[in-house]
Amino acid sequence: MGLAAVVTELGVDRLGVCQAARCSRVFVDTSSNRSRRYCSERCASRANVAAYRARRRSGQ
């Protein structure tokens with residue numbers, strides 16, 4: 001019932017799947033410009049740290 005209410009109120013395009021490598025959680029994007037990519041700050045932080053470390057490895 002809650003999912004139907006969200007889809008009716010916000011639209012289907014506000015639903016997303018976390019883009020973190022090992023996560024497949026679904027989330028509702030409530031940002032004003034529909035830019036959310038991760039289900040939580042934890043997933044976003046892990047992805048950013050992994051990208052940083054990969055850049056450091058390729059630069060050395």
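**View 1. Cysteine 39 in its loop.** Cysteine 39 sits in the loop between strand 2 and helix 2; helices (H or I, at least four residues) and strands (E, at least two) are DSSP runs, numbered from the N terminus. This is a predicted model, in which local features need pLDDT of at least 70 and side-chain atom pairs count only at pLDDT 80 or more, while totals for chains, interfaces and linings use all residues. Residues are numbered from 1 along each chain as its sequence is written, and side-chain values use heavy atoms, with hydrogens and water left out. The relative accessible area of cysteine 39 is 13%, so this residue is buried (buried means under 20% relative accessible area, exposed over 50%, partly exposed in between, with a 1.4 Å probe and protein chains only). Residues up to four places away in sequence aside, cysteine 39 touches Cys18, Cys23, Arg25 and Phe27, where contact means heavy atoms within 4.5 Å. Aspartate 29 is 10 residues from cysteine 39 in sequence and 8.8 Å from it in space, C-alpha to C-alpha.

View 2. The structure holds 0 disulfides, a disulfide being a pair of cysteine sulfur atoms within 2.5 Å. For cysteine 18, the closest cysteine sulfur is that of cysteine 23, at 3.8 Å, which is too far for a bond. For cysteine 23, the closest cysteine sulfur belongs to cysteine 39, and at 3.7 Å this is also too far for a bond. Cysteine 18 counts as buried because its relative accessibility is 5%. Cysteine 23, with a relative accessible area of 16%, is buried.

**View 3. The largest nonpolar core.** This core has 8 residues in all: Cys18, Ala20, Cys23, Phe27, Tyr38, Cys39, Cys43 and Ala44. A nonpolar core is a set of buried Ala, Val, Leu, Ile, Met, Phe, Trp, Tyr and Cys residues joined through side-chain atoms within 4.5 Å. In soluble globular proteins, nonpolar side chains tend to be buried together.

**View 4. The largest pocket.** The volume of the largest pocket is about 340 Å³. Its lining consists of Ala20, Ala21, Arg22, Cys23, Arg25, Ser40, Arg42, Cys43, Arg46, Ala47 and Ala50. By class, 6 of the lining residues are nonpolar, 1 is polar and 4 are charged (Ala, Val, Leu, Ile, Met, Phe, Trp, Tyr, Cys and Pro count as nonpolar, Asp, Glu, Lys and Arg as charged, and the others, Gly among them, as polar). On a 1 Å grid over the protein atoms alone, a pocket is an open set of points where a 1.4 Å probe fits, with protein on both sides within 12 Å along at least five of seven lines, and lining residues have an atom within 4 Å of a point. Grid points are joined across faces, edges and corners, and a volume is the space filled by probe spheres set on the points.

**View 5. Arginine 14 and its contacts.** Arginine 14 lies in the loop between helix 1 and strand 1 (15–17). Its relative accessibility is 12%, so arginine 14 counts as buried. Apart from neighbours within four places in sequence, arginine 14 is in contact with Phe27, Val28, Asp29, Thr30, Ser31, Ser32 and Arg34.

View 6. Arginine 34 belongs to the loop between strand 2 (26–28) and helix 2 (41–59). Its phi is near 55°, a positive value in a residue other than glycine. Arginine 34 is partly exposed, at a relative accessible area of 47%. Arginine 36 is placed in the loop between strand 2 and helix 2 and, at 34% relative accessibility, counts as partly exposed.
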